[in-house]
Amino acid sequence: MKNLFRLIITPIILSFPFIGYSQLWNQLVSGTTENLNSVHFTNDTVGFIAGKNGVLLKTTNGGISWTDVFYVNNINLKSIYAIDADTLYVGGNAKLYKSIDGGTNWIDLNQNFDITKIYFVTPSHGYYYKNKSEICEWS
């Protein structure tokens, strides 16, 4: 009887730490049929998604709904990094763009190489991968 009690109670007791720390992923609907490559949120509500064929989407309600903020035909946008709700960078096939107004207007930074990943450590100091073997610093 004692062993049966241990056999039943031990797994229940051991599962308590995991129950408190487990989280569930919820699938969100983006509204596009294009492949999506990169997502970056600046806070709980404002986020951006970059994808194939120049798709760039923005949410201001935590992903419940998404709106188009940028479209460049035939460019695979591979990475996006939002420093805050206004300043963001997006890159892909031979292009790097910057917005300072939340995606309303864009500046073409004229990079003639493929950008696969963008990351900033501070608002004025970042890095991007040009290809699989080359990292560039941005400041």
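This is a predicted model: local features need pLDDT of at least 70, side-chain atom pairs count only at pLDDT 80 or more; totals for chains, interfaces and linings use all residues.
Residues are numbered from 1 along each chain as its sequence is written. Local features need pLDDT of at least 70, side-chain atom pairs count only at pLDDT 80 or more, totals for chains, interfaces and linings use all residues, and side-chain values use heavy atoms, leaving out hydrogens and water.

Strand S7 (residues 95-99) and S8 run antiparallel, joined by two bridges. Strands here are DSSP runs of E with at least two residues, helices are runs of H or I with at least four, and both are numbered from the N terminus. Two strands pair if DSSP finds at least two bridges between them. S7 and S8 belong to an open, antiparallel sheet of four strands in the order S5-S6-S7-S8. Its edge strands, S5 (77-82) and S8 (107-108), each pair on one side only.

Now to the hairpin: S1 and S2 form it with five residues between them. Within it, serine 38 has alanine 50 in S2 as its bridge partner.

| Strand pair | Sense | Bridges |
|---|---|---|
| S1 and S2 (residues 47-51) | antiparallel | five bridges |
| S7 (residues 95-99) and S8 | antiparallel | two bridges |

Serine 30 counts as buried because its relative accessibility is 16% (buried is under 20%, exposed over 50%, partly exposed in between, with a 1.4 Å probe and protein chains only). Its side chain reaches the backbone nitrogen of threonine 32 at 3.3 Å. Leaving aside neighbours within four places in sequence, serine 30 is in contact (heavy atoms within 4.5 Å) with Leu36, Leu57 and Trp66.

How values were computed
A polar contact is a pair of N or O atoms within 3.5 Å; within protein, one must be able to donate a hydrogen and the other to accept it, and residues adjacent in sequence count only if both atoms are side-chain atoms.
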